2 protein chains.
Amino acid sequence: MTPYLNLIAQNALAAGSTDHNVNLLILLVLGIGSGALLMALWLLKWVMAKDCGPDEMQKISNAIKAGAEAFLSRQNKTIVIIAGALGVLIFVLYAFVRGHHAFDPTDTALELALWTTLSFLLGAGCSVAAGYVGMWIAIRTNIRTAAAARTSLNDALQVALRGGAVSGLFVVAMSLVGVAGLYYLVFLVKAHGLEAGTPEYDKLVKQIPYIIAGYGFGASLVALFAQVGGGIYTKAADVGADLVGKVEKGIPEDDPRNPAVIADLVGDNVGDCAGRGADLFESTAAENIGAMILGVALFPYFGVGGVMFPLVARSFGLIASVAGIMIVRTDEDADPMDALNKGYYLTSALAFVGFIIASYWLLRTEGEFLADAWQYYTACAAIGIVCSVAFLYITQYYTEYKYKPVLSIAEASLTGPATNVIQGIAVGLECTLMSVIAIAVAVLASYHLGQEALPQLDPVAAGLFGTAVATMGMLGPAGYVLAMDTFGPITDNAGGIVEMSHQPDSVRQKTDRLDAVGNTTKALTKGYAIGSAALAAFLLFSAYLDEIKNFTQAASYVTVDLVKPEIFIAALLGAMVVFFFSSLCIRAVGTAAQSVITAVRIQFKERPGIMEGKQDPDYGAVVDIVTKDALRKMVAPGLVVVGSVIAVGLLFRALAPDNDPELGAKAVAGFLMSATISGILMATFLNNAGGAWDNAKKYIELGKGAGGKGSDQHKAAVVGDTVGDPFKDTAGPSLHVLIKLLATLTLVLAPLFIAGSH
Amino acid sequence: MTPYLNLIAQNALAAGSTDHNVNLLILLVLGIGSGALLMALWLLKWVMAKDCGPDEMQKISNAIKAGAEAFLSRQNKTIVIIAGALGVLIFVLYAFVRGHHAFDPTDTALELALWTTLSFLLGAGCSVAAGYVGMWIAIRTNIRTAAAARTSLNDALQVALRGGAVSGLFVVAMSLVGVAGLYYLVFLVKAHGLEAGTPEYDKLVKQIPYIIAGYGFGASLVALFAQVGGGIYTKAADVGADLVGKVEKGIPEDDPRNPAVIADLVGDNVGDCAGRGADLFESTAAENIGAMILGVALFPYFGVGGVMFPLVARSFGLIASVAGIMIVRTDEDADPMDALNKGYYLTSALAFVGFIIASYWLLRTEGEFLADAWQYYTACAAIGIVCSVAFLYITQYYTEYKYKPVLSIAEASLTGPATNVIQGIAVGLECTLMSVIAIAVAVLASYHLGQEALPQLDPVAAGLFGTAVATMGMLGPAGYVLAMDTFGPITDNAGGIVEMSHQPDSVRQKTDRLDAVGNTTKALTKGYAIGSAALAAFLLFSAYLDEIKNFTQAASYVTVDLVKPEIFIAALLGAMVVFFFSSLCIRAVGTAAQSVITAVRIQFKERPGIMEGKQDPDYGAVVDIVTKDALRKMVAPGLVVVGSVIAVGLLFRALAPDNDPELGAKAVAGFLMSATISGILMATFLNNAGGAWDNAKKYIELGKGAGGKGSDQHKAAVVGDTVGDPFKDTAGPSLHVLIKLLATLTLVLAPLFIAGSH
């Protein structure tokens, strides 16, 4: 290790004398990233200093904490084993099977294998950490939010949001520091003896993003298992608790007599916090690397600046998120959603200013000021931000009970559960229309602007960088969005703690209001996540094709021609995997919920005193059952995804004719793109149908429907809400991760699918 | 007209002296087709001569007849208006907008416009006729089946199947005679003065399939409206009748006291018979033309034989279907499904023999006997037949209560409607796995065999013809399959008539057994329809690309490169249209069912004597409401499909850069292929989920579940069954048609999407 450290020290001194200095840019990014981490730490201290409330609250909170930590540590054990095995596989494939090529970005196969495996493991490790932090802070903030609700709404709101922000800032900053740090590490090791500005030096700067692509794969692999496992856990517990508690026993939500109630509250943390944290971690990490790879194509114009632009712009977005989080405050009788929206709009506006600065600094050509490239890129970023706002509006329209879709579901509930379910499915399917149009407009417009920005460049490369900048624009406020997202389960838990510890109604009303807002923010961030996944995936498979092009040293771009039966069949298989994966996730919730129901029924039977409050239910037993079930069932969906890509790649590689050695790689591209298309649509359908059902039920519960709580209309709406649970919290969010996992997985494995490559 | 008729007479004498004579082959096809029509007529007479049973049966049957005929004639009026408008549009586009090109297959733009419009209108007219015949015979066979059930099971079975066969044979024969007749008509008119064997003559033989492509478009346009309108009608009536009758009033299915009962029985005829008849008519017609277009590429090897092979093979399949239909008979205590299966296997075997003969006759190269091309094509046909059997097995596994999937839904019903729905959706999504693998294997294997058959030829053209032959193999027994399909609604209606006319239990038991078999055959033909749609669509978009290639006189094949953002976005839009279209269909059923429920509730309120049988319900009022609703709601889905293709084509045509004038046409290709992929998966999901829910309910009703009829488990299963209704009988089957409509629509409109073409 010592010689390496020496090298690093030497290079750190020697490197950097181009116009845009690698050292300067990286250190700026690392500096801002570290600053954001410190800010997260400060917020953490602020939250932790808050009052924890009385003992009866703490008792419940401790039970949640114990369950969540037990689940996550067991889940991580499984994930570490799978990731470790894949790490070994990647190493062996790169070091021994793949062979070494003159155009590889390192000197030996072994070195490339080492870097790729290291990147993969680092990405996986950081993703585990992201999930863990999300859960860690959520299970500590929930009780403090509940306690704060005893004083004022603003206190509770701020505690919950800042708790969420600890996770949001940490996750986004870590993805930034991880990618930038890894880049710098490779740079320092490899730049030894190279003069800045020489062709070898430039080549290195351009090659590093490919070397560290494994980071994104590691991150998304972990995210998939975390999201699937957590998603199954949370909804199995929720559905099971509801069906026995509310439907069979007629006791309200979060009633302490329900043996599944703690499992339900644990679920919010491990599914929504840990899962979503890992998900957004890998989103930003994968997008960072993908955008850097595209930036390489612009090297002749922007040099290092183009490669580093994604990291710099993201770091400015982090600053914007901090500002947004800090200004949020609400009056006692105001709608807390307005306060959160204000923070969101401020973050977006500041992130946009950051984009203007970064573009002007790094992406200037010699054109006239008013028609210079940086202006086009600023416009691309604006498109991304507008697209994210459009997604928020579309999601609100389809999932809030102010609007027609949810009202139509509530009305359909009057004729029973069947018409409720039919209407909900119709609403979910319908909302793909506007979402897809938003994506289409954003991609086409930013592609076109990208081409205008650099008319001298190959139009495909120029256009793709435009879409990459739009994606960055969309992901600019990611830190704030993730904070809002984590806010959801925190307030949900706070409500549960207040209810279970029998607080006065005035406190419960405050947490209820925050909980309702939390449901909205959870739905919104899902819309945001799928929109950004759509844009980011597009960018990632461009990177994949770039990798194939580099690997085969092809003169022109690789085509993925759907006319070829092999490509068409691969595309059909890709779309199918999305359907099959969704089936596995949804079924897992259904069967795991059935075990919960059975276990709870037995408890009610064996402990007849539970209902009168004379006997304590055994919360731990249910937590244990859900934990085991969720962990067992999370493995198959993940392996299906990884296995199917490898199977398709190797199958079509075997079928490749002599004159088309890249058939396997192209088939995988078709598989990936088709899976992305189906994944976007399926996730949009599942998320919004679930959200709409949820709020149709809420609408009726608030007494706004023809019936009220307990009426037949309400019972019908509860059925729809339950059906929607695995849709919106298990399969839907897991599909976001699936899309990005496929992209990063194929990026790393690309060379294996090319015939004759070993 | 007289000069044309003269021409025809002259050419009929002059033409035909090549090895395979156009006259001979066409006349053979027309002869067999006419023979099948005569056979249908004979079966019609046979069925009509059967006893109609007592007056109380006839009263009910007449009410069904009146409702079905009223709906169909009003539906046809709407369809005629839409088809007429589109016919004018096509004529104007071809005659004036599109312009005329030296490489067009006719002498003037006006002539091409005339032929295309004529083909379109003829296809539309035949499709209307196909639907009408299906309905006409079904509403006359239902009562005769009911009457025959009073004597023996075999009588009832034979009457129902042969009634179905009238429709099956008529539809398939008419599609054959239509395509062959249209081909012959163009040939006779245009071959005037051409010597057989000259280049001009050969060119004509090859060009005619393109000229008559409008026939397929007309057929599928009508089929879409027929299937969507009929599908909405049947399920709105069914869901409405069930929810008020069974759930609210607690009266059994088909109870005469239910005011919606006649509408429900009418629905079986207009949805399942008329809709499916039009659907399979356009399937076979579109596939005939598509395969002929692919056969053109093989002209250097097989001459006229390659172009005519699809028609000849199809006509042999018709003979096989007749044989299969005639052997079906059952013992009183045997399972009638076994008898139907026997007929199916005989038909498949004979159709395969027909393929061997046709291949040996028409598709011989000069190779060695054991490695000659015809053998490879025979193998392709075998693949198609095996694929159709595989689809039957997969469908059975997922929808029959002998197997795990349906049992798991029944078990999930124990914990209520929500878990029932969750499990059903999981089962539906899961079944895409095996279906897609079957399609993948069939396409890849037949493509490969096609290449082996003609190694000298361009591998893409050779391979595609292989897949075309596999598709023909799959569609070989189409006549028999359609007979089995129409059997379903006939026995369903017969059961209703028996129930409503208060026949003895022994009669009801017989119709119940047939009805159960009918449910299975309906599910099976849906699997068959989607499988063949998948294979046929593949062949149709090859024809589309061929058309673009011819039109632009490009040297190489057109590529549809998913890497291009425009193509990717078009593909995303194509998949979205499938989701949105499904939403429209499903929602239409939901809202139309709600109007039925409201209307029925009012009747029960205003006529309190209905429940005691003292007052007659007003069946006609409900029939009228459903008719109006279904017709109003069928227009939007159809226009969405047609409109979106035109919009995408023109949008990307407008965006086309100078160096890629075909961008619009390519984007439409991407749209089409992606919609096909999503359509296959979505239809498979919807059909099988619906079928599985239906049979899970049946399983419980038969007392095989933990509860029985009326238990909570049963009530939960009824919810799933109702949710599945619009899945399996409205959206699912409509998607089959959508896939083929898109393909034929794009084929006809292709030239409009190419920049600079006018």
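1. Start with B:S711: its relative accessibility is 18%, so the residue counts as buried (buried is under 20% relative accessible area, exposed is over 50%, and partly exposed lies in between, with a 1.4 Å probe and protein chains only). Look for B:S711 in the loop that joins α21 (663-701) to α22 (712-749) in chain B. Helices here are DSSP runs of H or I with at least four residues, numbered from the N terminus.

2. A word on what you're looking at: this is a predicted model, where local features need pLDDT of at least 70 and side-chain atom pairs count only at pLDDT 80 or more, while totals for chains, interfaces and linings use all residues. Residues are numbered from 1 along each chain as its sequence is written, chains are lettered from A and ligands numbered from 1 in the order in which they are written, and side-chain values use heavy atoms, with hydrogens and water left out.

3. Now step back to α21(B). Its 39 residues reach 56 Å from first C-alpha to last, close to the expected 57 Å (the expected span is 1.5 Å times one less than the number of residues). Of those 39 residues, 37 are buried. After the helix comes B:G703, with a positive phi near 80°. B:E701 and B:S711 are ten residues apart along the chain, and their C-alpha atoms are separated by 9.3 Å.

4. Chain B and chain A each bring 71 residues to the contact (heavy atoms within 4.5 Å). The area buried between them is about 6,500 Å², and carbon and sulfur atoms give 82% of that (buried area is the accessible area, 1.4 Å probe, that two parts lose on being put together, summed over both). B:I422, B:F568 and B:F579 supply 10% of the area that chain B buries against chain A, more than any other three residues.

5. How many salt bridges does the rule find across the interface of chain B and chain A? There are two (a side-chain nitrogen of Lys or Arg within 4 Å of a carboxyl oxygen of Asp or Glu). In one salt bridge, A:E430 meets B:R587 at 2.2 Å, N to O. Several elements of chain B give two or more residues to the side touching chain A, including α21 and α22. The largest share, 20 residues, comes from α19(B).
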